[in-house]
Amino acid sequence: MEALARLAAETVDTVAKTAADEKNIAAAASAGFAYGLAAIGPGIGIGYLVGQAVSAMARQPEAAGMVRTTMFLGIAFTEALALIGFVVFILLKFA
Amino acid sequence: MFALEFPPINEILRWREVAPSLNKVGIIAVAAALIAIVVFILATRQDHRKAPTGVRNFAETTVEFVENGIVMQTMGRDGLGWTPFLLSLFVFIYLCNAPGIIPILQMPATARMAIPAFLSILVWVIYNGAGIKHQGFGGYFKSVLFPPGVPKALYALVTPIEFISTIIVRPFSLMVRLFANMLAGHILLVTFALLSEALFQARDKVLVPFGVLPMFMLIFLTGFEVLVAFLQAYIFTILTAVYIGGAVHPEH
């Protein structure tokens with residue numbers, strides 16, 4: 001991650017760079033990675049979860065209501081990880 | 001290529017104060033509470049023996065949704081006493097989320113940390129309080145920290161995990177889920193609005209027709225936000241119901 005940040009810092013113009021600039025560049029470079037990496041797991045998780053829920057509903061349409069409630073609960077827990085990644089992104093980018 | 005300046009985060013979140021410590025987010029939150037109170041009071045004024053009309057129709061549908069879709073699914077018949085609390089939570093969060101897509105307002109009040117933080121602390125106090133009330137102080141913490149059916153030696157591992165997940169992570173994740181979803185939606189709308197504006201006003205005239213693309217995306221995302229506003233209110237309420245149900249009736 002640090003190497004990538006350094007690479008990003010080098011490709012940006014090398015004129016007059018203060019410490020604050022360097023910090024901003026490193027933050028911007030790692031902010032994207034923070035969110036991108038955080039989205040992988042929940043992406044796979046939610047896809048799998050909803051797929052299984054749909055197949056359960058297709059097999060047993062009378063249980064659809066219960067499956068849907070449980071599915072939303074599962075999505076809420078899985079999605080939290082991606083959202084924490086998003087908050088980290090916000091903190092890195094703007095704070 | 002074209003001038004695209006993303007405004008600093010404060011510009012899209014912080015608003016000029018109308019009165020000391022009352023800005024747009026505060027007004028939206030107060031209005032949400034007032035609208036909910038007025039609608040439900042008007043609904044109760046109607047004669048309940050006649051067929052419901054207008055406001056009462058709407059209020060009955062909402063109450064029925066909370067009873068059948070949230071309470072019965074998670075807590076069962078015993079939990080129906082919690083309907084008033086869950087209903088007010090649901091309606092308030094929904095009315096705070098909805099202004100995110102209402103023109104002119106264009107700001108979900110829950111995209112500022114204050115409201116989700118307050119609500120999740122409230123929920124934390126309530127589900128812990130309900131658990132302590134129903135099982136006693138010792139009984140509640142025994143059922144939370146020492147779940148039955150676990151080999152004795154594993155308690156060294158299970159108890160800290162249970163403590164962190166039940167007492168610390170739950171309110172935090174409840175808060176972050178609502179806040180981050182609404183903030184993400186808001187920033188997404190701002191981004192696409194800015195993109196289409198920049199393309200429509202591009203100096204290079206070839207680019208101007210392409211401004212339609214982000215605009216379509218903006219329209220699509222606005223529709224998506226309608227769904228998200230409802231879904232987040234629903235998820236917050238249903239998780240509250242699950243937490244309260246778990247605290248009141250522990251697994252044996």
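What follows is a walk through a predicted two-chain model, from overall confidence down to single residues.

Residues are numbered from 1 along each chain as its sequence is written, with chains lettered from A and ligands numbered from 1 in the order in which they are written. Because this is a predicted model, local features need pLDDT of at least 70 and side-chain atom pairs count only at pLDDT 80 or more, while totals for chains, interfaces and linings use all residues.

Confidence comes first. The predictor gives the complex an ipTM of 0.71 and a pTM of 0.86. On pLDDT (the predictor's confidence in each residue, from 0 to 100), chain B averages 88, with 98% of the residues scoring at least 70. For chain A the mean is 83, and 81% of its residues reach 70 or more. Where pLDDT is low, the predicted coordinates should not be read in detail.

Helices here are DSSP runs of H or I with at least four residues, strands are runs of E with at least two, and both are numbered from the N terminus. Of the 95 residues of chain A, 9% count as buried. The burial scale counts other C-beta atoms, placed from the backbone, within 10 Å of a residue's own: 20 or more is buried, 12 or fewer is exposed, and in between is partly exposed. As for contacts (C-beta atoms, placed from the backbone, within 7 Å), take those in chain A between residues at least 6 apart in sequence: 73% of them join residues at least 24 apart.

I25(A) sits in helix α2 of chain A and is partly exposed, with 18 other C-beta atoms within 10 Å. L49(A) is 24 residues from I25(A) along the chain, and their C-alpha atoms are separated by 37 Å. I75(A) belongs to helix α3 (residues 64–94) of chain A and is partly exposed, again with 18 other C-beta atoms within 10 Å. Between I75(A) and P42(A) there are 33 residues in sequence but 8.8 Å in space, C-alpha to C-alpha. Setting aside neighbours within four places in sequence, I75(A) touches I46(A) and L49(A).

Where the chains meet, chain A puts in 12 residues and chain B 13. The side of chain A that touches chain B has 10 nonpolar, 1 polar and 1 charged residues. In this scheme Ala, Val, Leu, Ile, Met, Phe, Trp, Tyr, Cys and Pro are nonpolar, Asp, Glu, Lys and Arg are charged, and the others, Gly among them, are polar.

The 22 residues of α5(B) (residues 114–135) should span 32 Å at 1.5 Å a residue, and the end C-alpha atoms are 32 Å apart, so the two agree; the expected span is 1.5 Å times one less than the number of residues. Buried residues of α5(B) include I115(B), L119(B), W124(B) and G131(B). Their cover includes α2 (24–45), α4 (83–97), α6 (137–145), α7 (155–200) and α8 (212–248) of chain B. After α5(B) comes G136(B), with a positive phi near 85°.

The axes of α5(B) and α6(B) come within 6 Å and cross at roughly 115°; axes are lines fitted to C-alpha atoms, for helices over the stretch in contact, and angles run from 0 to 180 degrees between N-to-C directions. G131(B), I132(B) and Q135(B) of α5(B) meet F137(B), G139(B), Y140(B) and S143(B) of α6(B). That contact has 3 nonpolar, 4 polar and no charged residues.

The loop between α4 and α5 of chain B holds I104(B) and also Q106(B). Most residues other than glycine have a negative phi. Yet phi of I104(B) is positive, near 75°, and that of Q106(B) is positive too, about 45°. I104(B) is exposed, with 6 other C-beta atoms within 10 Å, while Q106(B) has 15 such neighbours and counts as partly exposed.

Key:
Contact = placed C-beta atoms within 7 Å.
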